[in-house]
Amino acid sequence: GDLVPEVPKFKFERQRTRTRTISRSVYHDSQGNPVSKDIVSDMTQFQSAKRSGNIDVWWLYDDGGLTLLLPYILTTRQQFSECKLRVFTLANRKDELDRETRNMAALLAKFRIEFSSVVVIPDVTKRASDASRARLDTLLAKLPQDTIPEEELLANKEKTNRHLRLSELLQAHSKDSEIIFMTLPMPRKGHVSAALYMAWLDIMTENLPPTLLIRGNQTSVLTFYS
């Protein structure tokens with residue numbers, strides 16, 4: 001019979017190239033230039049395939065449970081259904097570790113939230129490393145002179161150290177996680193300037209996976225049946 005004419009390969013290759021070009025050219029910077037592949041990858045990362053890593057919850061304060069509820073809802077979605085939920089919380093003293101761990105595990109079980117582990121951090125008040133302090137100094141040095149008065153830095157010395165320690169702990173435990181949910185630290189009005197507060201948040205979330213800072217209004221969003 002007659003031979004079936006061969007379809008030119010270049011048509012398929014040209015079509016694939018055109019498809020990639022169109023998908024990348026959707027995103028432009030403020031000057032109208034196409035953004036880089038790395039930025040497009042960051043912007044579209046949650047459109048990717050199914051994930052199987054860890055979802056980490058840093059429950060720093062009791063805000064009504066919103067910081068626990070949102071990651072749990074995420075695990076019910078198909079894309080994150082194979083991820084493990086890890087919960088991190090803080091203890092004031094080392095002798096409270098066992099009790100705090102049991103209390104948190106019991107709370108999660110009461111609300112029927114499945115979790116893979118509960119980690120209680122005892123040493124958040126420990127002095128931050130010199131490297132962390134140097135990172136903060138580098139960040140503050142980029143601000144206009146006298147943006148943060150020296151008196152304010154001295155008055156918030158302990159809180160600054162706490163945020164630097166949280167940054168170190170986040171790097172140690174959660175730098176390879178799929179996503180992080182963390183209670184948003186709230187500053188005391190009139191005691192901390194916006195510049196210092198944002199510096200704390202920048203330091204805490206620097207070089208981390210996607211991090212969602214959450215603050216509930218103290219109203220419980222979790223329900224349990226006794």
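In this predicted model, helix α7 passes helix α8 in a right-handed crossing. Helix α7 spans residues 157–174, and its axis lies 8 Å from that of α8, at an angle of about 20 degrees. Angles under 35 degrees count as roughly parallel, so α7 is roughly parallel to α8. On the α7 side the contact is made by Lys159, Thr160, His163, Leu164, Leu166, Ser167 and Leu170, and on the α8 side by Leu196, Trp200, Ile203 and Met204. By class, the contact of α7 with α8 has seven nonpolar residues, three polar residues and one charged residue.

Helix α5 covers residues 130–141 and α8 covers residues 194–205; their axes are 10 Å apart and meet at an angle of about 130 degrees. The two helices are therefore oblique to each other. The crossing of α5 and α8 is right-handed. In this contact, α5 contributes Arg135, Leu136, Leu139 and Leu140, while α8 contributes Ala199, Asp202 and Ile203. Five of the residues in the contact of α5 with α8 are nonpolar and two are charged, with no polar ones. Ile203 of α8 is listed in the contact with α5 and also in the contact with α7.

The next topic is the nonpolar interior. In soluble globular proteins, nonpolar side chains tend to be buried together. Here the largest nonpolar core has 26 residues, and those with the most contacts inside it are Trp58, Leu170 and Met182. The elements that give two or more residues to this core are the strands β2 (84–90) and β4 (179–183) and the helices α5, α7 and α8. Which of these elements gives the largest share of the core? It is α8, with seven residues.

Leu170 links the helix packing to this core: it belongs to the α7 side of the contact with α8, and it is one of the residues with the most contacts inside the core. Leaving out residues up to four places away in sequence, Leu170 touches Trp58, Lys175, Ile180, Met182, Met204 and Leu208. Two of these, Trp58 and Met182, are named with Leu170 as the residues with the most contacts in the core, and Met204 is on the α8 side of the helix contact. A second, separate core has 18 residues, among them Leu74, Leu108, Ile113 and Ile214.

The remaining points concern loops. Most residues other than glycine have a negative phi. Asp146 is not a glycine, yet its phi is positive, at about 70 degrees. Asp146 is in the loop between α5 and α6 (150–155). Is Asp146 buried or exposed? Its relative accessibility is 66%, so Asp146 counts as exposed.

Asn207 likewise has a positive phi, of about 60 degrees, although it is not a glycine. Its loop runs between α8 and β5 (211–214). Asn207 is exposed, with a relative accessible area of 65%.

Arg112 is in the loop between α4 (97–110) and β3 (117–121). Because its relative accessibility is 62%, Arg112 counts as exposed. Arg112 and Tyr72 are 40 residues apart in sequence, and their C-alpha atoms are 9.9 Å apart in space.

Notes: Residues numbered from 1 in each chain as written. Predicted model: local features only at pLDDT ≥ 70, side-chain atom pairs only at ≥ 80, totals over all residues. Heavy atoms only, no water. Axes fitted to C-alpha atoms, helices over the stretch in contact; angles between N-to-C directions. Helix = DSSP H or I, 4+ residues; strand = E, 2+ residues; numbered from the N terminus. Parallel < 35°, antiparallel > 145°, perpendicular 65-115°, else oblique. Left-handed = near helix turned anticlockwise from the far one by under 90°. Contact = heavy atoms within 4.5 Å. Nonpolar A, V, L, I, M, F, W, Y, C, P; charged D, E, K, R; others polar. Core = buried A, V, L, I, M, F, W, Y, C linked by side-chain atoms within 4.5 Å. Buried < 20%, exposed > 50% of the residue type's maximum accessible area, 1.4 Å probe, protein only.
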